[in-house]
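Please open the structure in your viewer and keep the selection tool at hand.

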Amino acid sequence: MATIPLLQVERLTIGFGREKPVVHEVSFEVMPGETVGIVGESGSGKTMTALAVLRLLPPGGRIVEGRILFDGKPLHQFSEAQMRQVRGGDISMVFQDPFTCLNPVMRVGDQVAEAARLHRGRTEGDPYALALQMLRAVHLPDPERIARRYPHELSGGQRQRVMIAMAFICHPRLLIADEPTTALDVTVQLQILHLMQEIQRQQGTAVLLITHDLGVVAYTCDRVLVMHEGRVVESGSVDEVLERPRHPYTRRLLEALA
Ligand SMILES: Nc1ncnc2c1ncn2[C@@H]1O[C@H](COP(=O)(O)OP(=O)(O)O)[C@@H](O)[C@H]1O
Ligand SMILES: [Mg+2]
């Protein structure tokens, strides 16, 4: 029996009001355990595509057309209550700026435990103990001490590790990471990408990785889609696209790397 895609996005079109769509007929799929990159310059529609999958488009934004299937089920038809179960459960997310996602007045250990508590049934045991275990798994030194801290008491890299701990605590089947390392120094970027891969392999998670950096794609992805002005202009295996880019825009992105 053929494996069905974990995520299947078909002709997704996203618009704001009467303006012309910001994402046009974007189609792609992510197979179980696979890492797919979406690369493109700022404003090309990467984040809107990711937010549409989670049904978290900003006010005014809507899916004008298209289908989003997760494990064959029509996510675009799910109720808000069903989507709340999906978010942080089957599908988790990591964003560029963990500061905006972490609660500034809650200790990080409690926040990571809360993620497990929200999806009881996907995890076993005491949520706080599980949180400590996850903080250790993301290689934070002295997890007990880190757990008692507030987000502003951590470095950027440490905060991103906390986000990764939260994202993986419920064993998601798909992780959507939107520019997860863009705000970090180059050396810390590599450590974080490596860490994500390590846990992804342990858990067998599929990853949709969004970045403006083809270097990050080359380092982490199996396949890649190149987006330009709301459309997919090229897609294929990372080797294929990096070695024989067909679209001039992809070539420009590659030149920016050199
Ligand atoms: N709240 C909004 N209202 C109207 N247009 C928006 C809104 N948010 C984003 N857009 C537009 O959607 C397009 C795609 O944005 P985005 O997906 O964030 O790009 P990327 O993540 O590739 O940088 C941009 O042209 C942006 O101006
Ligand atoms: Mg973006």
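At what angle do helix α7 and helix α8 pack, and how far apart are their axes? Before the answer, two notes on the model are required. Residues are numbered from 1 along each chain as its sequence is written, while chains are lettered from A and ligands numbered from 1 in the order in which they are written. The model is predicted: local features need pLDDT of at least 70, side-chain atom pairs count only at pLDDT 80 or more, and totals for chains, interfaces and linings use all residues.

**First stop: α7 and α8**

Select residues 156–168 for α7 and residues 186–203 for α8. Helices (H or I, at least four residues) and strands (E, at least two) are DSSP runs, numbered from the N terminus. The two helices pack at about 15°, with axes 11 Å apart; axes are lines fitted to C-alpha atoms, for helices over the stretch in contact, and angles run from 0 to 180 degrees between N-to-C directions. α7 and α8 are therefore roughly parallel, a term for angles under 35 degrees. Next, select G157, Q160, R161, I164 and F168 in α7, which meet α8 residues including V188, Q191 and I192. Contact here requires C-beta atoms, placed from the backbone, within 7 Å. Ala, Val, Leu, Ile, Met, Phe, Trp, Tyr, Cys and Pro count as nonpolar, Asp, Glu, Lys and Arg as charged, and the others, Gly among them, as polar.

**Second stop: α4 against α7**

On α4, the contact is made by V108, Q111, V112 and A115; on α7, by V162, A165 and M166. Six of these residues are nonpolar, one is polar and none is charged.

Now display the open sheet of four strands, ordered β2-β1-β4-β5 with antiparallel pairing; strands pair if DSSP finds at least two bridges between them. β2 (23–30) and β5 (73–74) stand at the edges with a single partner strand each, so one side of each has no neighbour in the sheet. Select L69 and its bridge partner in β5, P74. α1 lies across β1 (7–16), β2 and β4, at about 115° to β1.

**Last stop: ligand 1**

Select ligand 1, which 13 residues surround; the closest are F16, V22, K46, T47 and M48. Here a residue counts if its C-beta atom, placed from the backbone, lies within 6 Å. Helix α1 (residues 46–53) supplies the largest share of this shell, three residues.

Notes: Parallel < 35°, antiparallel > 145°, perpendicular 65-115°, else oblique. Contact = placed C-beta atoms within 7 Å.
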